Each structure stands twice: as structure tokens, then as C-alpha cells.
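I opened my notebook to follow one ligand and its surroundings. These are my entries, in the order I looked things up.

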Amino acid sequence: MISIQGKGVSTGVTIGPLYFYQRAKSTIRRYEVEDPDAEWARFKAAQGKAIEQLGELAEKARVEAGDEAALLFETHQMMAEDMEYEEAIQTAIQDNKLNAEAAVTDTAAQFAEMFAAMEDAYFQARAADVKDVSGRIIAALTGVAQGGIDSPVPVILAADDLAPSETVQLDKSKILGFVTEGGSGSSHTAILARTMGIPAIIGVGDQLKPEYEGREVIIDGSTGAIVIDADPDARAALLKKMEEQKRTRELLEQLKGQPNETKDGQSIRIYCNIGSPDDVPAVLANDAGGVGLFRSEFLYLNCDDYPSEDYQFEAYKKALSDMGGREVVIRTLDIGADKQIGYFNLPKEENPALGNRALRICLNRPEIFRTQLRALFRASVYGKLGIMFPMVTSVWEVKEAKKMCEQVKQELTSEGIPFSEDVEIGIMIETPAAVLMSDRLAQVVDFFSCGTNDLTQYTLACDRQNADLGRFYNPHHPAVLRALKIVCDNAHKHGKWVGICGELGADLELTETFLSIGIDELSVSPRSVLPLRQKVRETDVSQVKEKVLNDLLSDENTI
Ligand code: PEP
Ligand code: MG
């Protein structure tokens, strides 16, 4: 038996075979071939395989997301057999005797550079496509799967770390749990694991050896314990815990249909965080009141090119209609920092968390923002929509974003396209500037939603992605909790509601604090809804409020 200790970031015990995530190799071997004709045949076979895979993906996309989504893969199919592209590869192989992998890599770089230099944004975006298509052909040549799970049975997935774009593209039905070498509790992989209700452990370093692949592993996401080939006693103990968790879930089921009301009658809304309309069944199954944060950037991360207005409209419409009239707050595009998307071609930055991200990108590239806003307002007639902007620091940003909403509404009116006039517009409170300006910001929005993952990062000047900063990244820090109180007081002064959609919202140690400062809504992963409801129903705010507020502001509470 081998025991490994990591940091649990998504609870639950699970058992299954260990599987190492396959990432396409980034270093391509380059050599001279003796038989260029045979090498050309190798290329043609790989090209055929890539075209076949793209065809299958197009069909899958058509079924899951409609014709528009399928078109993307069909375009990639055409690119893979584009005559000029093929001729350039043929020249490299047959005239220069280059091996196929290197010939494809060089041709991709040459075409991508040519597209990137074009004036038209449409052609510029093709640079990412040609790289993507070439990556697929290279994967077919080298036999290395492109970041997938090639296993007939569900597995516990091990990786060094997973980028959000990689996590989002995984086949979720194949994953029982995650174990990563690096990562941090507030990274987006950890967040996604919680949303999906899958146990996850991070920060195991180099303790997982490749030779463990395929061996039976049990992971406990609440303690961070990983056991490979468990001996009978350890196995029985962990499986017993798994059973107990199942029973606890069953008990929690009895809370469905009950109000989120404290013993002394104070109510709070409990909503869910989602990353796609596919998460809505889990929201409803856990009896949440609505969606408090739909991370729309995951739609973008899932695409190989800018998602069109229609593609986005279908996704928002689906989430709104499936929620059957319960509120859905959709956050506008929040990329940059750890959420990088190739086709945006964003320049590399020294300090990406402080750089061109989130609302800043939308205001700097209004054509992208406008497409999203049109899709959102068009979808607004299918349910109760709220829109919120991430990473706000100034009142002018909110005014500019709201002005774009008005322009989009005018356009839709003149085109005779219906939209709802009853859409709440809010902002995320994620920066100290937004906290300090919350009295002013409250006057220009309908609500605040506190993004405590980033608010902790920016308030404590502590990178949320950096696993080495664990004890410095402390969302319980009084500076963060005081910030929440300031925001709450300022919002309520102006009759606006306040939610928390960061991971802290599900932290049961702080539920009394949130109720005492008057938070109106907590938005959490689906699996956290019922435990939170239980905690709320056990709390008597009148009994704890004075102490909680005194502690929050007391001289001793300096950490
Ligand atoms: C947050 O920062 O708390 C938040 C909810 O947004 P994200 O985690 O997606 O940055
Ligand atoms: Mg954030």
C-alpha cells in the first residue's frame, strides 16, 4: 500500500484506476527522412485521421449545441485539406526531406503568422485555427492523444496541473476524481471539481509516479489522503466513509423544499454557481433557488474560435428556460489571468492578474462585448436574467458597460427582436477599489455579488494560483470580512442586494457571519446547497449577531 498526502479541495471519497492525463507533446522532433514518399504517405494517413475525428466532433457538436457549433469543426476539416496548406507541407517533406511532424509545425507557424498579420479580425482569428488543426494532425502522427482520457472505464485523473481550457474539454462521465501535482484551492480546476461534485486533491508534488498508472487508488477529498493498492483495513475504512457520506447525503435530501430560514426567521437566498447550461440539472436536483453565477467564459474556453451570437444565445436561452423562471445571473466574459484563450491572441503580460482581463477586455474590445450582450438580451425573454460585470474598479467602467447595454437594446428594438426590460444589472465586488467605492457603485447598479476568491487575492496582495502561499491566502482574514461588511452596509443604504459567489459562500464556519452582516444571497456549488441550508436553519442570528460583529471589529481580531 502506498499513502500520499495532498490538499483536499473538493470533498468526497472515491475509488478507481489511476490515469495520467495525456497532453500533446509540445517538443517536436526534427530530422531528415530517407524516403520522402513514405513520409508523405504518413502525413496523408494522419491528415485523414484528423479529418475523421473532426467529422465526429462536428456531429457531437450538432447534437449537443446545434449547427452553428458544428460549423466550427467543419471549417477545421476544410482547413486540414486546404490545397495551399497541403502543398506547403508536401514541399517541406518531398523537396526538403523534412519529417512530417516538423513539416506540419513549420507550415502551421508560417500560415498562422500570415493570418495574424492581416487587417481583418476574422482572418486574424484563423491563426489559432490553423495551429489547432495542425496540432491535431501532429497528435495523429505521434500517436499522443490530444489532452483526452483514452480509457473505457471512469478513472481518477492525475495531472501536473490542468488549465481551465483543458478541464472544461474533458469528458466528465469518465472522471471519478482529480489529483494534481500543483494547483491551489481557489484555482479554476478546483472550482470546477466542486461544481461537478467530484472529489479533488491538489499539491501532491512528485509523489505520484508514472508506474502507478492503472493501479487502484482511493482518494479522500476532505482529508487530502490518497491510497494506492490499499491494504484490506485501510480499504474497508475508506469505503465505510464513502458509505457514510452517501447516508449523510440521503439525510440532507430531507431538506429539499424547506426554506433557507434561520431559527429567528431571517431568510437568505441560496443559489448555485455554474459553468454551462449542462450544470442546471444539478442545480435543480439540489433545490437551489437560482443561479447566482454563470461563468460565461467557460463557453469561450470550450470553443476554438470566438463563439458567435447565436451559439451564445442558445446556451443562455437553455440555462434560463431550464431554470423555469428562477433567476439566472450570467457574468459577462471573465478571461485573462489564469483563464487564457488562444484565439484572443492576448499579448503576454508581466502581471496577468493585474492586467488586461475581464471587463477591461470587454471595454477594450467592444465588438466582442457587444456580441455577448446581444446574445444575453435576446435570451432574456426566456426566464429571469441578471447580468453582472467582473473585476470592476471604477464607476466609469460600469457606466460605459451599461451604456453598451442600452445601445444593444436600441439595436434589438430597431431590428424588432424582443428582449426583457426586467433584467437586473450588477457588478462583482472583487477589488479593494470596488469595496472602497461601493457607496458610489451602489447608486449605478441593481446588485453586488462579492467574488471572494479574487477579493481575497487583491485585498491580501496574494496570488490565488500560487500553492506556496497557502497560509497567506486566507479568506477568513479580517480585512476580507470587514470588506464584506462595508459592501453590505453601502448596498443596503441604497436599497440594493448583496450576494457572495466566491468559494467562501459555502464555508459553514462563516455562515453566522454572513447572516449577521446581512448578506442576501450565497451562491455555491450545487453539492453545497443542502449543507448550507442545514446550517442556516440551525442558526439563531439574534443569539450570535452581537458577538460576531464585535469579533469582526474587535482590537484582538488582527490575525
Ligand atoms: C471570485 O473571484 O470569487 C469569483 C467568483 O470569480 P472567479 O473565481 O471565476 O474569478
Ligand atoms: Mg473572480
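**Ligand 1 and its shell**

I began with the space that ligand 1 takes up, and it is the largest cavity. I noted that the model is a predicted one.

Next I asked which elements give two or more residues to the shell around ligand 1. I found α7 (188-196), β10 (291-295) and α17 (452-459). The largest share comes from α17, with 3 residues.

Then I looked at the residues themselves. There are 16 around ligand 1. Arg 295, Arg 331, Gly 451, Asn 453 and Arg 464 come nearest. I sorted the shell by type and got 7 charged, 5 polar and 4 nonpolar residues.

**Backbone contacts**

I checked the backbone N or O atoms next. For Gly 451, such an atom lies 3.3 Å from an oxygen atom of ligand 1. For Thr 452, I read 3.1 Å from a backbone N or O atom to a ligand 1 oxygen. For Asn 453, the distance from a backbone N or O atom to an oxygen of ligand 1 is 2.8 Å.

How much of ligand 1 does the protein cover? On its own, ligand 1 has 280 Å² of accessible area, and the protein covers 100% of that.

**A look at Ile 218**

I turned to another residue. Ile 218 is found in strand β7, which spans residues 216-220. Is Ile 218 buried or exposed? Its relative accessibility is 1%, so I wrote it down as buried; the cut-off for buried is under 20%.

Last, I compared positions. Ile 218 and Glu 181 are 37 residues apart along the chain, and their C-alpha atoms are separated by 16 Å.

Methods: Residues are numbered from 1 along each chain as its sequence is written. Chains are lettered from A and ligands numbered from 1 in the order in which they are written. This is a predicted model: local features need pLDDT of at least 70, side-chain atom pairs count only at pLDDT 80 or more; totals for chains, interfaces and linings use all residues. Side-chain values use heavy atoms; hydrogens and water are left out. A residue is near a molecule or strand if one of its heavy atoms lies within 4 Å of it. A polar contact is a pair of N or O atoms within 3.5 Å; within protein, one must be able to donate a hydrogen and the other to accept it, and residues adjacent in sequence count only if both atoms are side-chain atoms. Accessible areas come from the Shrake-Rupley method with a 1.4 Å probe; for residues, only the protein chains shown count as cover. On a 1 Å grid over the protein atoms alone, a cavity is a set of points where a 1.4 Å probe fits but cannot get out, and a pocket is an open set with protein on both sides within 12 Å along at least five of seven lines; lining residues have an atom within 4 Å of a point. A molecule sits in a cavity or pocket if more than half of its atoms lie within 2 Å of its grid points. Helices (H or I, at least four residues) and strands (E, at least two) are DSSP runs, numbered from the N terminus. Ala, Val, Leu, Ile, Met, Phe, Trp, Tyr, Cys and Pro count as nonpolar, Asp, Glu, Lys and Arg as charged, and the others, Gly among them, as polar. Buried means under 20% relative accessible area, exposed over 50%, partly exposed in between (1.4 Å probe, protein chains only).
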